[in-house]
Amino acid sequence: MRYHLVTLGCPKNAVDSEHLVRLLSQARHEAAADAAAADVLVVNTCGFIDASIKESTDAVKELARGKRHGQKLIVAGCMTQLYGPKLEAEVPQVDAVFGVNQWERIAEMLGPAEGETIDIPDTSRLSSRPSAYLKISDGCDRPCTFCIIPTIKGRMTSAPADDLVARARTFAAEGVRELVLVAQDSTDYGHDLGASDGLADLLLRLAEEVPELPWLRVMYAYPGAVTRRLARVMASLPQVCNYIDVPLQHGSPEVLRRMKRPSNPTTVRAMIELLRSEMPDLAVRTTFIVGSPGETEAEFEELLAFAEEMQFDRVGVFTYSPQAGTPAAAMPGQLPEKVKRRRYRELMELQQGISYRKNQDQIGRVLSVLVESEPGQEDGQWPIFVGRTYRDAPEVDGMVICRGSAEPGELAPVTITGAGPYDLFGASPQEIAVVG
Ligand code: SF4
């Protein structure tokens, strides 16, 4: 059978899709890039916010419109966990609906293709890029009032460290150079297994037992949950990128209290200071939500001042989107979209200036660039390649556009020669020698 898989949402969903691809490959089903050529259409949906629900529903409807006689349409993932029956009623062409973590059931439903099943390691990648995501836990025990994830995914469950090390080894053997650790809350890793500082333990094991992986990157740390030991472990292991993603969501104590996030910016400051003292060249990424219920102009100003003070390297900004079933959706003081969009623009503009200055500071540094592109040519004459430094996570951060030649997966030394607010420009040492 040939299947066409559409994945929406975050990197954690991408990891789930990879798992499904592995199961289907084991049963000898083949992927089809073109929906029309497939026997089965599968959509891995996202239900994080209303916009994601709409995007997922639209994707299902589009496939349903083109569905031909004999084709199957299967929908799974976060959105269907919540709204499966509603979607089935709305899109009658849907043949089967599964919730989260039911990938084995989809594989069972399709059954094996003709011939023997084949053994495929418990990892596979959606693309040939040199990075892969390692989902270390799923679910979340935090009470954030705007978030539906705990309802969808349930309690946090960590993957056993032995399994994660084995997966990391397989990834490395497949040519992966960067492993990006993802979870809803990576700093909570191992608590359910009795560990008090599980993420630090896991990083130590990965670094020691899979030394052939040159880059490990930590995403989705929880504010205030980074221990001194974790900061030291990150600093002491050369493989761990001096980079951290800590979604802070806001800078006003009152807004954070309403969000049921750690409401003390002093703790957050202390955590960032601790990390920066252990890793002076640390790049910090965060995300903020603007326009949550009741956010006053003064509270938004506090957020701007906080962002200015903290000088984050990378910031993602989201406008608040009410999610049915969350406490925040029922709160008074829902703001008009116009206000949310204006605040979004203001924060983005402020951060653009900060990111630009931070990028300018990189000029003159020689950094290792993980090459992502096939070699190309600029204006038909200069060889160029594109990659990322330790300061940029795949898919969410910037790139480095470099003069020189290097192959995908290579860690190439690059002198940074220019910078914009998002991307850097550089040249490999040979190019500098030629030009100089
Ligand atoms: S920590 Fe993240 S996933 Fe967990 S409830 Fe809060 S926002 Fe949602």
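Predicted model: local features only at pLDDT ≥ 70, side-chain atom pairs only at ≥ 80, totals over all residues.
Searching the whole structure turns up three cavities of 30 Å³ or more, and the disulfide count comes to zero.

**The largest cavity**
- This one holds about 60 Å³ of space.
- Its lining is made up of Thr145, Phe146, Arg258, Met259, Ser292, Pro293, Tyr320, Ala328 and Met331.
- Sort the lining of the largest cavity by type and you get six nonpolar residues, two polar and one charged.

- Around the second largest cavity sit Pro11, Tyr133, Val182, Met219, Tyr220, Ala393, Pro394 and Val396.
- The lining of the second largest cavity has eight nonpolar residues, with no polar and no charged ones.
- Two domains share in this lining: domain 2 (131-360) and domain 3 (366-435) each supply at least three residues.

**The cysteines**
- No pair of cysteine sulfur atoms makes the 2.5 Å cut-off, so there are zero disulfides to look for.
- Cys140 has 12% relative accessibility, and because that is under 20%, Cys140 counts as buried.
- Cys147 comes in at 16% relative accessibility, which is also under 20%, so Cys147 counts as buried too.

How values were computed:
Residues numbered from 1 in each chain as written. Heavy atoms only, no water. Buried < 20%, exposed > 50% of the residue type's maximum accessible area, 1.4 Å probe, protein only. 1 Å grid on protein atoms, 1.4 Å probe; cavity = no way out; pocket = protein on both sides within 12 Å on 5 of 7 lines; lining within 4 Å. Points joined across faces, edges and corners; volume = space filled by probe spheres on them. Nonpolar A, V, L, I, M, F, W, Y, C, P; charged D, E, K, R; others polar. Domains from an automatic or database assignment.
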